[in-house]
Amino acid sequence: MAAEKDTVGHEEAVEFVRKVQKHINKEIYKDFVMILCAYSDKRKDVVDVYRDVVELFADSPDLLQDFLRFLPTSVVLADLDSKFQILNI
């Protein structure tokens, strides 16, 4: 039987949101929740969420690193690839 891809569960997601709430100010937390709500309501796609959260957590690299676990790897790699292409110009 093939091993299934390791996915992040609901409890881990809830724990991460609690961590965010404890480690950043109320305004940034509110913005983070609004980003998640916009994604949930399909007003933002996963790429927009990624870019918004990268900007929001610019001063909290540990939170950003933890957040990346919740995104499809392809989104993160595509964004990194586009940044490298800009640097090569």
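**A first walk through the model**

Modeller: Let us start with lysine 42, which counts as exposed because its relative accessibility is 73%. Please note that this is a predicted model.

Biologist: Where is lysine 42 found?
Modeller: Lysine 42 is in the loop between H2 and H3.

Biologist: What is the phi of lysine 42?
Modeller: Lysine 42 is not a glycine, yet its phi is positive, at about 65°. For context, most residues other than glycine have a negative phi.

Biologist: Let us step back. How many helices and strands are there in the protein chain?
Modeller: The protein chain has 5 helices and 0 strands. Along the sequence the pattern reads α-α-α-α-α.

Biologist: What share of the residues is buried?
Modeller: Of the 89 residues in the protein chain, 22% are buried. The chain exposes about 6900 Å², and carbon and sulfur atoms supply 56% of that area.

Biologist: What about contacts between residues at least 6 apart in sequence?
Modeller: Among those contacts, 53% join residues at least 24 apart.

Biologist: Phenylalanine 16 was on your list. What does it touch?
Modeller: Leaving aside residues up to four places away in sequence, phenylalanine 16 touches Phe32, Phe57, Leu63, Asp66, Phe67 and Phe70.

Biologist: There are several aromatic residues there. How many aromatic pairs are there?
Modeller: The count is 5 aromatic pairs. In one of them, the rings of phenylalanine 16 and phenylalanine 70 have centres 5.4 Å apart and planes at 40°, so this pair is tilted. The two residues come from distant parts of the chain, 54 residues apart: phenylalanine 16 is in helix H1, whereas phenylalanine 70 is in the loop between H4 and helix H5 (73-88).

Biologist: Is phenylalanine 16 buried or exposed, and why?
Modeller: Phenylalanine 16 counts as buried because its relative accessibility is 6%. Phenylalanine 70, at 27% relative accessibility, counts as partly exposed.

Biologist: What about phenylalanine 32 and phenylalanine 57?
Modeller: Those two form an aromatic pair that is also tilted, with 5.3 Å from centre to centre and 35° between the planes. This pair, too, links distant parts of the chain, with phenylalanine 32 in helix H2 and phenylalanine 57 in the loop between H3 and H4, 25 residues apart. Both phenylalanine 32 and phenylalanine 57 are buried.

Biologist: Which residues form the aromatic cluster?
Modeller: Phe16, Phe32, Phe57, Phe67 and Phe70 form one aromatic cluster.

Biologist: What lies over the face of phenylalanine 70?
Modeller: Arginine 69 does, at 5.6 Å from the ring centre.

Biologist: Changing topic, how many salt bridges are there?
Modeller: There are 5 salt bridges. One of them joins the side chains of aspartate 66 and lysine 19, at 2.4 Å from N to O. Aspartate 66 is in helix H4 and lysine 19 in helix H1, so to speak of the chain, distant parts 47 residues apart are linked. Lysine 19 counts as partly exposed, at 28% relative accessibility.

Biologist: And which side chain does lysine 44 meet in a salt bridge?
Modeller: Lysine 44 meets aspartate 52, with 2.5 Å from N to O. Lysine 44 is partly exposed, with a relative accessible area of 25%, and aspartate 52 is partly exposed with a relative accessible area of 25%.

Biologist: What about arginine 43?
Modeller: The side chain of arginine 43 forms a salt bridge with that of aspartate 41, at 3.2 Å from N to O. Arginine 43 is exposed, its relative accessible area being 54%.

Terms used: Residues numbered from 1 in each chain as written. Predicted model: local features only at pLDDT ≥ 70, side-chain atom pairs only at ≥ 80, totals over all residues. Heavy atoms only, no water. Contact = heavy atoms within 4.5 Å. Helix = DSSP H or I, 4+ residues; strand = E, 2+ residues; numbered from the N terminus. Buried < 20%, exposed > 50% of the residue type's maximum accessible area, 1.4 Å probe, protein only. Areas by Shrake-Rupley, 256 points an atom, 1.4 Å probe, with all protein chains shown as cover. Salt bridge = Lys/Arg side-chain N within 4 Å of Asp/Glu carboxyl O. Phe/Tyr/Trp six-rings, centres within 6.5 Å; stacked < 30°, edge-to-face > 60°. Lys NZ or Arg CZ within 6 Å of the ring centre and 35° of its normal.
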